[in-house]
Amino acid sequence: MDQGLDSVAKPSAAIVAAEALRKLSRDFFDGQEAVWKASTEYLPLMEGEDRSAWGYVARLKRSRIVPYTRRAVLFAEGQVFQKPIKFAEDVPVAIRGQAENKEKGLRLVVGWMENIDLQGRNGWRFFRERFRDRLLNGVTVWVADAPPADGARTQGEDKRRPYLVGYHPSCLLDVRYHSTPAGRRRVEHVRLSEKTDEVDPKDKFSTVCVERVRVYDSEQEGDVRLTVYVKGEDSHWQIDQPERSISGLVDIPVTICGDPYGVGVFHDLAH
């Protein structure tokens, strides 16, 4: 086992620093239970006091927060997403969908936006969740993905249905940018962590949590490569899917909206 791969799941120093600041907004959005769980981060121990002392436990349970951060975030996202998303006519029917109209000879088409992540979320719900991440963390992340090509050699043969995958900002381990001679800033490296519950190979009625890291690289336009790593039973990382080129892409299919090293707009309110 190559233990040198273990650093693939280690976030960059800049990401670690940003996540330490973002935790405050997330905890105050999540509410009282999250603040109690953090305990000494927000309610310091007195001199000579122990975290398990009855006095500290009593003070912790008596402490209360006013959910100003949660109210502000929900109000802001509600203002933006109070109405359904509307599409212009130039948006492909496959994406926006189409209502049946027999007089005009239009058939019913269920657009990709009705199930944008193949997990049952429509576009309105998906992007509302991403917008909330942006408000709380200063950045939101999603990936455009698709099933394997299954032997398709041309775009005409490629009938795959693309979908989006949302990632929590804490799953962003590293991102590197490169500026082209023309002044265009493009992403050349991204690492994303993910956890999935899968059937336990030793017990089909149980599940196990499998940790993976997706690594995208692209030193130049049109050359996009993906490698997937998995955490083994011995807690060491190994290659799950060897590096492969993703044909048909100009850039890495990861959208990083916001500042990956910043904080949310309500960070000062949480303070």
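View 1. Let's start with Asp174, which stands opposite Arg191 in β4. Strands β3 and β4 (residues 185–200) pair in the antiparallel sense over 7 bridges; two strands pair if DSSP finds at least two bridges between them. Strands (E, at least two residues) and helices (H or I, at least four) are DSSP runs, numbered from the N terminus. The hairpin of β3 and β4 has 5 residues between the strands, and Gly183 takes a positive phi near 95° in that hairpin. A note on what you are viewing: this is a predicted model, in which local features need pLDDT of at least 70 and side-chain atom pairs count only at pLDDT 80 or more, while totals for chains, interfaces and linings use all residues. Residues are numbered from 1 along each chain as its sequence is written, and side-chain values use heavy atoms, with hydrogens and water left out.

**View 2. The hairpin of β4 and β5.** Here β4 pairs with strand β5 (residues 203–220) in the antiparallel sense, over 12 bridges. The hairpin formed by β4 and β5 has 2 residues between the strands. Follow Glu198 across and you will find Val208, its bridge partner in β5.

**View 3. The open sheet.** Stepping through the order β3-β4-β5-β6-β7, you meet 5 strands in an open sheet with antiparallel pairing. β3 (172–179) and β7 (237–245) stand at the edges with a single partner strand each, so one side of each is left without a neighbour in the sheet. From one strand to the next, the twist averages 20°; axes are lines fitted to C-alpha atoms, for helices over the stretch in contact, and angles run from 0 to 180 degrees between N-to-C directions.

**View 4. Helix α1 against helix α4.** Helix α1 (residues 13–30) packs with helix α4 (residues 68–80) at an angle of about 90°, and their axes are 7 Å apart. That makes α1 roughly perpendicular to α4, a label given to angles of 65 to 115 degrees. From α1, Ser25, Phe28 and Phe29 meet Thr69, Arg70, Val73 and Leu74 of α4, where contact means heavy atoms within 4.5 Å. The residues of this contact divide into 4 nonpolar, 2 polar and 1 charged; Ala, Val, Leu, Ile, Met, Phe, Trp, Tyr, Cys and Pro count as nonpolar, Asp, Glu, Lys and Arg as charged, and the others, Gly among them, as polar.

Terms used:
Angles under 35 degrees count as roughly parallel, over 145 as roughly antiparallel, 65 to 115 as roughly perpendicular and the rest as oblique.
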